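Please look over the sequence and the structure below before reading on. The paragraphs that follow lead from the whole chain to its parts.

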Amino acid sequence: MKTLKIAIQKSGRLNEKSVELLKNCGLSFENYKSSLISPVSNFPLEILFLRDDDIPEYVQDGIADLGIVGENVIYETGVEVSFLQKLGFGKCSLKIAIPNNSSIQSLGDLDGKAIATSYPVILEKFLKQNKLKADIRTISGSVEISPGLGMSDAICDLVSTGGTLKSNGLKPFTDVLSSEAVLIGRKGEEDNPLIQELIQRVQSVLRAKE
Ligand code: PRT
Ligand code: ZN
């Protein structure tokens, strides 16, 4: 049977928990050092270590059969993949936040305002659903400093503890999306017995944690 490939984050917030989950599934392999592919010695599987942003497309295009990535990245890239299992880590929410002294009080007040974000696709959808028109300013990082620099009236970014908002003089205004790490697979491959075997193992690891 064909060796499967699973894409996980090379380094960053999801790497350690993804590796831990796969090890707890009884898979034996080396974590990312310099090689971007690590073979699993006791299962027909290879681990690909990638930037998280690339994982959904690799899975959609069949370069990887499976992937572990945040839901936020999947929705932002707009790919067609199947959601196989929520994994219970990497939890965060995408929120619109405003300066502590902002005059914005209701959703309608966002109309015509500038909102800085690294999630323009998800934000645009949210604004449309709420019949709002705002000026989306796409930036790739450090979104939280943009209101203080006069670049935006609000931001839309991931929040977990809320510490970053606080230390930048911002407060949460409204929730856009909640997210956690998920196991995804290529559409149409769900019945592959090796994939089924891996899903079973993941589910029993998650059950043991409950
Ligand atoms: O290099 P690569 O592209 O792979 O990584 P990355 O830098 O794009 O992503 P990374 O490692 O920062 O995050 C990977 C995934 O972790 C995200 O896509 C989310 O699904 C999930 N996650 C969970 C988070 C957070 N919590 C989080 N708090 N991702 C980012 N943050 C950032 C947020 O953007 C903000 O700047 O942390 C800051 C806020 O944190 P608090 O605790 O101060 O609220
Ligand atoms: Zn990324």
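**From the whole chain to its parts**

Of the chain's 210 residues, 36% count as buried, where buried means that 20 or more other C-beta atoms, placed from the backbone, lie within 10 Å of a residue's own. This is a predicted model, in which local features need pLDDT of at least 70 and side-chain atom pairs count only at pLDDT 80 or more, while totals for chains, interfaces and linings use all residues. Residues are numbered from 1 along each chain as its sequence is written, and chains are lettered from A and ligands numbered from 1 in the order in which they are written.

Taken along the principal axes, the C-alpha atoms fill a box of roughly 60 × 35 × 30 Å. The secondary structure comes to six helices and 11 strands, which are DSSP runs numbered from the N terminus, with H or I over at least four residues for helices and E over at least two for strands.

The chain is divided into domain 1 (4-90 + 180-209) and domain 2 (92-178), with bounds that come from an automatic or database domain assignment. The centres of domain 1 and domain 2, taken over C-alpha atoms, are 30 Å apart. Five residues of domain 1 are in contact with seven residues of domain 2, a contact being two residues whose C-beta atoms, placed from the backbone, lie within 7 Å.

The largest nonpolar core has 32 residues, and Ile-6, Val-59 and Leu-183 are among those with the most contacts inside it; such a core is a set of buried Ala, Val, Leu, Ile, Met, Phe, Trp, Tyr and Cys residues joined through C-beta atoms within 7 Å. Strand β3 gives the most to this core, with five residues. Not counting residues up to four places away in sequence, Leu-183 touches Leu-66, Ile-68, Leu-84, Gln-85, Leu-87 and Val-202.

Which residues come nearest to ligand 1? Of the 21 residues around ligand 1, these are Gly-12, Gly-70, Cys-92, Thr-161 and Thr-164, and a residue is near a molecule if its C-beta atom, placed from the backbone, lies within 6 Å of it. The shell around ligand 1 draws at least three residues from each of domain 1 and domain 2. Helix α3 (71-77), strand β9 (154-159) and helix α5 (163-167) each supply at least two residues of this shell, and β9 gives the most, with three residues.

Methods. Buried ≥ 20, exposed ≤ 12 C-beta atoms within 10 Å, placed from the backbone.
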